[in-house]
Amino acid sequence: MNYHNITHNDMLNGDGLRVVLWVAGCDHRCHNCHNQMTWDIHGGLPFDVEAKEEIFQALEQEHISGVTFSGGDPLNE
């Protein structure tokens, strides 16, 4: 899986302050999509151990409510 970004302390993509993983790849290609740069499944960076550790470290912060998976289509194969 590839990803484009990991956002910390996001207030716009879920309840409370969240960590957001912006994944690569979307076959829906919705009209007026806000994240067209994430459509390419081969775009972004490979999701590796460092990215995983970054997310888990961010989730350890008491003020973080959870994680949001966005992108792209986080359920895309």
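Serine 70 counts as buried, because its relative accessibility is 18% (buried means under 20% relative accessible area, exposed over 50% and partly exposed in between, with a 1.4 Å probe and protein chains only). This residue belongs to strand S4; strands (E, at least two residues) and helices (H or I, at least four) are DSSP runs numbered from the N terminus. Beyond its neighbours within four places in sequence, serine 70 is in contact with Val20, Leu21, Trp22 and Val23, contact being defined as heavy atoms within 4.5 Å.

The model is predicted, and local features need pLDDT of at least 70, side-chain atom pairs count only at pLDDT 80 or more, and totals for chains, interfaces and linings use all residues. Residues are numbered from 1 along each chain as its sequence is written, and side-chain values use heavy atoms, with hydrogens and water left out. The predictor's confidence in each residue, pLDDT, runs from 0 to 100. For the protein chain its mean is 95, and 99% of the residues reach 70 or more. Confidence in the chain is highest in H1, at 98, and lowest in S4, at a mean of 95.

The strands of the open sheet number four, in the order S3-S1-S2-S4, and their pairing is mixed; two strands pair if DSSP finds at least two bridges between them. Strand S1 (residues 2-10) and S3 run antiparallel and are joined by two bridges. Within S3, leucine 45 is the bridge partner of tyrosine 3. Helix H1 (residues 49-59) packs on the sheet, where it touches S1, strand S2 (17-23) and S4, and its direction makes about 15 degrees with that of S1. For such angles, axes are lines fitted to C-alpha atoms, for helices over the stretch in contact, and values run from 0 to 180 degrees between N-to-C directions.

One aromatic pair is present in the structure. It is formed by tyrosine 3 and phenylalanine 47 in an edge-to-face arrangement, with 5.8 Å centre to centre and 80 degrees between the planes. Rings of Phe, Tyr and Trp (its six-membered ring) pair if their centres lie within 6.5 Å; planes under 30 degrees apart count as stacked, over 60 as edge-to-face and the rest as tilted. Distant parts of the chain are linked by this pair, as tyrosine 3 lies in strand S1 and phenylalanine 47 in the loop between S3 and H1, 44 residues apart. With a relative accessible area of 9%, tyrosine 3 is buried, whereas phenylalanine 47, at 29%, is partly exposed.

The structure contains zero disulfides, a disulfide being a pair of cysteine sulfur atoms within 2.5 Å. For cysteine 30, which is in no disulfide, the nearest cysteine sulfur is that of cysteine 26, 6.0 Å away. The sulfur of cysteine 33 has its closest cysteine sulfur in cysteine 30, and the distance of 6.3 Å is too far for a bond. Cysteine 30 is partly exposed at 47% relative accessibility, as is cysteine 33 at 24%.

Backbone angles were also examined. Most residues other than glycine have a negative phi. Asparagine 9, although not a glycine, has a positive phi of about 55 degrees; this residue lies in strand S1 and is partly exposed, with a relative accessible area of 41%. Asparagine 32 likewise has a positive phi, of about 65 degrees. It is located in the loop between S2 and S3 and counts as exposed at 57% relative accessibility.
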